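Dear colleague,

I am passing on the structure that we talked about, together with some notes on what was found in it. Please look through the sequence and the model first, and then read on.

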Amino acid sequence: MSHAGGQAAPAMPGRAVMLRTIGEPAGLAVLLAAVLALPFFAGAYGSRVGGTILMYIALAQSWNLIGGYVGLMSLAHSAFFGLGAMGATILLLNGAPVLLAAAGGILLASVLALLIGAPTLRLQGHYFVIATLIVSEALLNGARNLNILGFHGAISQNIGAFTGLQDLSAVEYNRLFYYIMAGLAGLAMLLVTLVERSRWGLALKAIRDAEGAASAIGIPVAGVKLAIFVLSAAIAAAVGITSSIWLGTFDTTSAFDLAVTFQVIVMVFLGGRGTVWGPVIGVFLVFTLNEFIGVEFAEISTIISGVIVVAIVLLQPDGLIEVMRRGPAALSPRVVIGNFRRYKVD
Amino acid sequence: MAAELEVRNLTKRFGGLVAVNDVTASISRGEIVGLIGPNGAGKTTFVNLLTGTLKCSGGEIVYRDRRITELEPHQRCRLGLARTFQVPQPFIGLTVEENVMASALFGSGGARRSMPQARARAREVLEWVGLGAAAANPARTLTTAGLKRLELARCLASDPSLVFLDEPLSGLNQAEVKESLSLIRSIRDRGMTIIFIEHIMQAVMAISDRVIVLANGTKLAEGTPQEIVRNADVQKAYLGDVGGAVERYARLRKGREAAGGR
């Protein structure tokens with residue numbers, strides 16, 4: 001190892017390295033076992049809550065790919081969630097088997113992501129954000145007015161009767177969807193981990209930090225951005241399809257609800273964007289806050305959670321994962337004030 | 001000597017402004033070519049056209065007998081063209097080493113490298129430019145001189161054969177200028193061709209084999225450093241006709257702002 005590596009070593013003592021090499025796989029195995037075992041201890045309600053948390057982990061990670069790693073604040077995430085669900089609904093209503101309907105929904109969302117991404121990803125900064133906002137509003141309104149193949153966007157569509165899953169008991173039914181959501185969350189986590197460890201992680205972060213320089217060192221910027229945008233949309237669509245089938249109804253307004261996008265963005269920012277575990281921490285934080293504040297301080301819950309979100313974003317802009325990584329040092333007044341000063345406009 | 005780069009009638013218009021006007025030039029393999037000219041002469045625009053950052057309005061660029069006029073910047077990089085930026089553009093979220101690794105992975109030598117190989121290549125290049133000790137530091141902690149070196153390291157790690165340096169010495173002190181000059185010579189000694197924009201005339205005269213002078217977007221003169229300092233047109237472009245130059249500059253600025261602040 002050259003002296004550069006030697007310099008890095010004091011920041012990470014030998015004990016910590018050992019803990020990482022032994023602790024990491026062991027910790028992951030325990031976590032995985034806990035996730036897989038949960039439905040057998042928690043019953044139907046536990047599976048519902050657990051499945052919803054896993055659903056948000058999948059959504060947060062898929063947004064993290066485009067928003068965290070490439071730094072593109074896409075507001076179209078809920079639109080792809082909705083498009084996937086809508087595509088699957090139309091196919092289900094016309095007698096397609098569940099898996100085919102799901103594949104069709106993912107295909108629809110991916111193709112639209114390709115068509116939307118090609119022009120909008122050329123836009124810089126705020127223009128891209130506004131464009132994705134307009135796109136998601138337009139898609140919502142388009143879907144609401146859509147009347148084809150027995151699908152009516154203006155009313156809730158019952159799809160529970162078309163999935164062939166109505167004979168399952170409540171426990172079995174919720175357990176099934178819990179595992180599907182766990183699979184999607186695992187897939188999203190795996191993708192983010194692979195990206196993080198490969199050359200593509202460097203490429204995405206390079207594009208995020210300096211697009212011109214990234215392209216000058218040989219990174220095909222436009223192609224990479226489009227690929228990640230479509231991949232991110234495809235996962236959002238798969239989650240949307242699972243969610244609406246689980247619910248048994250498709251409702252355009254709630255499937256295309258922008259609030260989902262914002263909630264996911266808040267989760268990713270709170271936990272730590274552009275990291276593997278940050279979004280997971282963010283999801284748990286938001287769920288915990290909602291449970292606690294929503295119950296204890298119901299009337300002013302949004303005010304309180306708003307203040308907490310603003311405080312964390314201002315004082316820990318890299319997310320709570322920084323606190324986990326660096327321990328109490330990340331909470332020292334010097335660091336926190338330094339973080340706050342990063343927002344100073346000069 | 002074989003031609004590394006042939007530029008034929010290259011033109012770039014921003015709306016009504018012609019920033020680069022019908023420039024023809026030939027660069028030989030292994031040369032160091034200084035690109036000089038008054039402010040607003042079109043030097044950076046010229047380099048941006050050659051590297052693909054900007055698309056040209058007319059003309060042709062041929063690199064090693066291959067027409068590259070229509071290629072994207074990343075495609076040109078993979079063929080062996082690399083550049084630095086006048087204002088350093090580090091990937092601030094990455095470490096110094098990761099900045100250079102990205103280039104070693106995606107540049108013209110990138111396809112052959114695994115992650116560990118790219119890391120080794122990054123280390124090697126960082127040692128070369130004198131940033132070895134800072135490899136593990138976040139790029140955002142570098143000083144101006146450090147950022148200039150990082151620009152150079154990132155450019156070199158892509159294994160280029162033709163290197164564009166946009167004002168590699170600006171913002172450096174005397175000692176740093178001297179070090180950078182010997183660094184630029186060492187780039188050539190490794191067989192690369194160099195085109196560099198610079199305002200520090202002593203530096204240009206010291207290391208250029210040939211100098212190309214741009215003024216108002218056109219090629220004003222071309223020759224050895226000795227020929228250029230004696231050239232009457234060049235002297236006039238830099239010193240004479242001051243009133244006209246100011247007026248032209250103001251026009252140029254206005255045109256550029258209208259074209260999107262480039």
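In chain B, the side chains of D159(B) and R121(B) meet in a salt bridge, with 3.3 Å from N to O; the term stands for a side-chain nitrogen of Lys or Arg within 4 Å of a carboxyl oxygen of Asp or Glu. This pair links distant parts of the chain, since D159(B) sits in the loop between α5 and β7 of chain B and R121(B) in helix α4 of chain B, 38 residues apart.

Before going further, please bear in mind that this is a predicted model, in which local features need pLDDT of at least 70 and side-chain atom pairs count only at pLDDT 80 or more, while totals for chains, interfaces and linings use all residues. Residues are numbered from 1 along each chain as its sequence is written, chains are lettered from A and ligands numbered from 1 in the order in which they are written, and side-chain values use heavy atoms, with hydrogens and water left out.

R121(B) also forms a salt bridge with E124(B), at 3.1 Å from N to O, and these two residues, being 3 residues apart in helix α4 (residues 115-129) of chain B, are separated by about one helical turn. Helices (H or I, at least four residues) and strands (E, at least two) are DSSP runs, numbered from the N terminus. R121(B) is buried, with a relative accessible area of 13%, whereas E124(B) is partly exposed at 45% and D159(B) is partly exposed at 24%; buried means under 20% relative accessible area, exposed over 50%, and partly exposed in between (1.4 Å probe, protein chains only).

Over all chains, the count comes to 22 salt bridges. One of them joins K55(B) and E72(B), at 3.9 Å from N to O; K55(B) lies in the loop between α1 and β4 of chain B and E72(B) in the loop between β5 and α2 (73-79), so the pair ties together parts that are 17 residues apart in sequence.

Chain B also holds an open sheet of 4 strands in the order β2-β1-β4-β5, with antiparallel pairing; two strands pair if DSSP finds at least two bridges between them. Strands β2 (17-28) and β5 (66-67) of chain B stand at the edges, each with a single partner strand, so one side of each is left without a neighbour in the sheet. Strands β1 (residues 3-14) and β4 (residues 58-63) of chain B pair over 5 bridges, and here R8(B) stands opposite E60(B), while L5(B) has Y63(B) as its bridge partner. Y63(B) in turn stands opposite R66(B) in β5(B), and in the hairpin of β4(B) and β5(B), which has 2 residues between the strands, R64(B) takes a positive phi near 50 degrees.

In chain A, A188(A) lies in helix α6 (residues 170-197) and is buried, with a relative accessible area of 1%. Leaving aside its neighbours within four places in sequence, A188(A) is in contact (heavy atoms within 4.5 Å) with A58(A), Q61(A) and I235(A). By contrast, F292(A), which is found in helix α12 (residues 278-296) of chain A, is partly exposed, with a relative accessible area of 48%.
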